[in-house]
Amino acid sequence: MNYFLNRAKELEQELIAMRRELHSYAELGFDLPKTNAFVTEKLRSYGYEPKTVGKAGVTCTVGKGGKVLLLRADMDALPMPEESGMPYAAQNGHCHSCGHDCHTAMLLIAAKMLKEKEGELKGTVKFMFQPAEELLAGAAAMVEDGILENPKVDVALGLHISVGMDDTRSGIIRYIPGVANNSGDAIRISIQGHGVHGSKAYLGVDAINIAAHTIIALQEILALEIPSTQPAVVLVGKMEGGSSCNSVADTASLEISVRTNSVETRNFLKKRIKEIAESVASTYRGTATVEHMYGMPPLVNDPDFAREMGRYAAEMLPQGDVEEIGPSGGGEDFAVVAEKVPGAMIYLGVGSTAEGYCHPGHDPKMKVNEEALYVGSATYAQCAVRYLEENC
Ligand SMILES: [Zn+2]
Ligand SMILES: [Zn+2]
């Protein structure tokens, strides 16, 4: 049996206990005091010197010199009351329903195993325990604070559990070469008109009218400016404006969600939304300011690196337990890392519908098959060691 698969299995009880403890804290965003203290204390007990990066991120390294491979796990939960009914369920109105508790615990065990093998490492492994994935802000905060530098990261591997679907059987590892997720951007258009009494509308500038024309004009981008083969969404999900039916609206605002799977199309959409909002507003004698509230690029896995990781996992797992798949929906802020260095996100199945796991991620009833988690720890460690062996 493969060394790391065997060792991770030996450490399975420690792994599950850690996962349950992290699960019971279920902290949000950048506000992770207990989770941070737990991760830091565990890493110290394994012989590391962990440091804080990017508000509430934690990092440390093992090995020396050579290529640097980064292993990433996210740590934050979701703001929803848990309904799993498990004895270790969070009681604080939050819920680890995306499985980031599993990621953190799996990476801690991988860190323990890699420290035990430090003398044999052919390069360096850097750990990235990340806050605020659900806010799509944690990876960016750690990148801005230098997680990819000193030592400079060459490649990055992230892992996410998948559960509650037909194809998420326990222990299966899946990878996606190339584009994996869409980008997601939130844009606010604030329209300034001129409010006057409704009886003298000709003296005013109607911000609601400008908002209405803007919404229609934005849809033309999809109809006339984007190839029909290119997926893209420009959704006005929120609109506000005016104060009473007998006044010309002084202000209005639109909030827009933009999604696509190509970096070029993402940039084009952002540019055209700004141009159209500003020019429609000026056509009707008002003004518009366009603000990018938050967002992230599409997750583009490096095809060669993703397949290489799949190959290393396949060396360790039974035949048929590693699978190449196509793009999935959703968003993932590991995209910010994979934009800077060749990277890949791989997926560990932790329960399919046939196995009785019927609640997917972000469902407050989600449960995972904890007996599959050791495969995640082993995959992190195996991929790191094998990459350094073949590339240093
Ligand atoms: Zn999530
Ligand atoms: Zn997640």
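These are my notebook entries on a predicted model, written as I looked things up.

**Ground rules**

I number residues from 1 along each chain as its sequence is written, and chains are lettered from A and ligands numbered from 1 in the order in which they are written. Since the model is predicted, local features need pLDDT of at least 70 and side-chain atom pairs count only at pLDDT 80 or more, while totals for chains, interfaces and linings use all residues; side-chain values use heavy atoms, with hydrogens and water left out.

**Entry 1: the zinc site**

I started with the zinc ion (ligand 2). Which protein donors does it have? I found C98 (SG), H100 (NE2) and H160 (NE2), lying 2.1 to 2.4 Å from the ion. Donors here are N, O and S atoms within 2.8 Å of the metal (3.2 Å for Na, K and Ca), and water is not among the atoms, so sites may look incomplete. Along the chain, the spacing of the donors reads C-x1-H-x59-H. I also noted that C98 bridges this zinc ion (ligand 2) and the zinc ion (ligand 1), the two lying 3.3 Å apart. C98 lies in the loop between β3 (68-74) and α4 (100-116) and H160 in strand β5 (residues 155-162), so the pair ties together parts that are 62 residues apart in sequence. Helices (H or I, at least four residues) and strands (E, at least two) are DSSP runs, numbered from the N terminus.

Are C98 and H160 buried or exposed? Both are buried. Buried means under 20% relative accessible area, exposed over 50%, and partly exposed in between (1.4 Å probe, protein chains only).

**Entry 2: the eight-stranded sheet**

Next I traced an open sheet of eight strands, in the order β1-β2-β4-β3-β5-β14-β6-β13, with mixed pairing. Two strands pair if DSSP finds at least two bridges between them. At the edges I found β1 (51-53) and β13 (322-324), each pairing on one side only. Neighbouring strands are turned by 30° against each other on average, direction ignored. Axes are lines fitted to C-alpha atoms, for helices over the stretch in contact, and angles run from 0 to 180 degrees between N-to-C directions.

Then I went pair by pair. β1 and strand β2 (residues 57-63) run antiparallel and are joined by three bridges, with V53 opposite G57. β2 and β4 are also antiparallel, with six bridges, and C60 has F127 as its bridge partner in β4. β3 and β4 run parallel over seven bridges, and there D74 stands opposite Q130.

How many residues of β4 are buried? Seven of its seven are. On one side I listed T124, K126, M128 and Q130, and on the other V125, F127 and F129.

**Entry 3: helices α2 and α3**

Helix α3 (residues 33-45) lies across β2 and β4 (124-130), at about 15° to β2. I then checked α3 against helix α2 (residues 12-25): their axes come within 9 Å and cross at roughly 155°. The two helices are therefore roughly antiparallel to each other; angles under 35 degrees count as roughly parallel, over 145 as roughly antiparallel, 65 to 115 as roughly perpendicular and the rest as oblique. Their contact (heavy atoms within 4.5 Å) is made by M18, E21, L22 and Y25 of α2 and K34, T35, F38 and K42 of α3.

**Entry 4: the four-stranded sheet**

I found another open sheet, with four strands in the order β9-β10-β8-β11 and antiparallel pairing. β9 (232-241) and β11 (287-296) stand at the edges with a single partner strand each, so one side of each is left without a neighbour in the sheet. β9 and strand β10 (residues 251-260) pair over nine bridges, and M239 stands opposite L254. Helix α7 (residues 263-283) packs on this sheet, touching β8, β9, β10 and β11. Helix α6 (residues 207-225) lies across β8 (184-192), β9 and β10, at about 175° to β9.

Most residues other than glycine have a negative phi, and most peptide bonds are trans. What joins N150 and P151? I found a cis peptide bond, with omega about 0°. P151 is in the loop between α5 (138-144) and β5.

K55 has a positive phi, near 65°, and sits in the loop between β1 and β2. At 63% relative accessibility, K55 counts as exposed. L136 also has a positive phi, near 55°, in the loop between β4 and α5. At 23%, L136 counts as partly exposed.
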